[in-house]
Amino acid sequence: MKEDILSYNLEELTERVVALGLPKFRAGQIYRWLHKVGVTSFSEMTDLSLSLRERLDDSFVIFSCSIEKKQVSAYDNTVKYLFSLHDGEWIESVVMEYKYGHTICVSSQVGCRMGCRFCASTLGGVVRNLSPSEILSQVYAAERDLGVRISHIVMMGMGEPLDNFDNVMKFLELITDENGKNVSMRHISLSTCGLVPRIGELADKKLQLTLSVSLHAPNDRLRSEMMPVNRKWGVSQLIAACRGYTEKTSRRISFEYALVRGKNDTPACAEELASLLKGMLCHINLIPVNEVRETGMRKSTPENVKRFESILAAKGFAVTVRRELGSDIDAACGQLRRRARLEQNVENEKP
Ligand code: SAH
């Protein structure tokens, strides 16, 4: 089987290149083509001889995403891609335009096994993990297609990044490499549903990224109902892990809270959330839940959102309501892949 060359860092690539009997400096050339330019074939590496390009092609494969479907929001230029992978699996990525630059939301797994009740990505379970190269290639494919530089990355697409820990860490190493795209770690956010031991492992790495924690409820009763992962690691364990994370990294955590009408959007919930997070270095991001038909969860009313926000703001929390981008193009988690699969009858609808 050909080796996945795009998942190698420069050191590993150098080893492979030397093992093929080639001079060391070739590795730097190849790495630059792969990660700085972002080519999808060896034939594009024009400063290498034809025979060398053919030899590389015999040993390695460059994984790339091909565009299965692309939707552009008429409101705000948000672009949503449905990419197909080498084995025919589909993943989604979204590119958003902000004043400070382009941000991509990447997927880390095909599907997801976390089972959050409001989320479309998890409806069909997990199919497989993405390799580091497959996470990278979402960024490279979008840059190529749009002709822009992507400066910010959020790991908030399909999948649970901490459930694919090693590949995600390798992706972070490669995307921030100064010999590659050189994206600043400070411009990367990683979102988790709360795999507590993995939050500890991440803290030990002391990365300068922003950790987003999908909290969504202030107590075990509500959170376990919305997020099965909470039955394994409850709210107090999660918050303890978050406090530990901040202590180790000095980084502010961002708590995500999706507001579901009549469920977790009451003033009592806001008060409970405030006491839970009291004294923490954090930011609270409120998101009126995106309605996914199968989940039956309804979006909070604007009045409830406002009221929830005011209670937290009055207690001194840094709180924002997430601007909805791409609402006309199914830009919420897993919705595009799910719809496309339903159209093809690949996935049976769940009640
Ligand atoms: N698995 C990771 C990252 C992927 S989801 C996590 O759970 O954090 C990215 C964010 O979108 C999470 O906060 C998730 O809870 C949220 N999300 C999923 N479905 C949603 C929906 N229908 N409406 C609003 N937010 C949703």
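Just after helix H4, glycine 147 takes a positive phi of about 65°. Helices (H or I, at least four residues) and strands (E, at least two) are DSSP runs, numbered from the N terminus. The model is a predicted one, in which local features need pLDDT of at least 70 and side-chain atom pairs count only at pLDDT 80 or more, while totals for chains, interfaces and linings use all residues. Residues are numbered from 1 along each chain as its sequence is written, and side-chain values use heavy atoms, with hydrogens and water left out.

H4 itself spans residues 132-146. Its 15 residues reach 22 Å from the first C-alpha to the last. This is close to the 21 Å expected at 1.5 Å a residue, where the expected span is 1.5 Å times one less than the number of residues. H4 is mostly covered, with 12 of its 15 residues buried. Buried means under 20% relative accessible area, exposed over 50%, and partly exposed in between (1.4 Å probe, protein chains only). The buried residues of H4 include Pro132, Ser133, Glu134, Ile135 and Leu136. Tyr140, Ala141, Ala142 and Glu143 are also among them.

The protein is divided into domain 1 (3-61) and domain 2 (66-348), with bounds from an automatic or database domain assignment. Their centres, taken over C-alpha atoms, are separated by 33 Å. The contact between them takes 14 residues from domain 1 and 15 residues from domain 2. Contact here means heavy atoms within 4.5 Å.

The largest nonpolar core has 103 residues. Such a core is a set of buried Ala, Val, Leu, Ile, Met, Phe, Trp, Tyr and Cys residues joined through side-chain atoms within 4.5 Å. Leu172, Phe255 and Leu277 have the most contacts inside the largest core. Helix H5 (residues 165-175) gives the most to this core, with 7 residues. Domain 1 and domain 2 both give residues to the core, so it lies between them. A second, separate core of 5 residues includes Met96, Cys105, Val154 and Met156.

H5 is mostly covered as well, with 8 of its 11 residues buried. These are Phe165, Val168, Met169, Lys170, Phe171, Leu172, Leu174 and Ile175. The cover over them includes helix H1 (10-19), helix H2 (25-37) and H4. Strand E9 (150-155), E10 and helix H6 (196-205) are also part of this cover.

Serine 189 lies in strand E10 (residues 188-192). Its relative accessible area is 16%, so serine 189 is buried. Beyond residues up to four places away in sequence, serine 189 touches Ile153, Val154, Met155, Met156 and Thr210.

The side chain of histidine 216 places an N or O atom 2.6 Å from an oxygen atom of the ligand. A polar backbone atom of threonine 192 is 3.4 Å from an oxygen atom of the ligand. For a backbone N or O atom of cysteine 193, the distance to a ligand oxygen atom is 3.5 Å.

Glutamine 109 is placed in strand E7 (residues 109-111). Glutamine 109 has 1% relative accessibility and therefore counts as buried. A polar contact of 2.9 Å joins its side chain to that of asparagine 129. Polar contacts are pairs of N or O atoms within 3.5 Å; within protein, one must be able to donate a hydrogen and the other to accept it, and residues adjacent in sequence count only if both atoms are side-chain atoms. Not counting residues up to four places away in sequence, glutamine 109 also touches residues including Ile91, Val126, Arg128, Leu130 and Met158. The C-alpha atoms of glutamine 109 and glutamate 134 are separated by 9.4 Å, with the two residues 25 apart along the chain.

Most residues other than glycine have a negative phi. Asparagine 77 has a positive phi of about 65°. Asparagine 77 lies in the loop between strand E3 (66-72) and strand E4 (79-84), and is partly exposed at 44% relative accessibility. Asparagine 182 has a positive phi of about 55°. The loop between H5 and E10 holds asparagine 182, which is partly exposed, with a relative accessible area of 41%.
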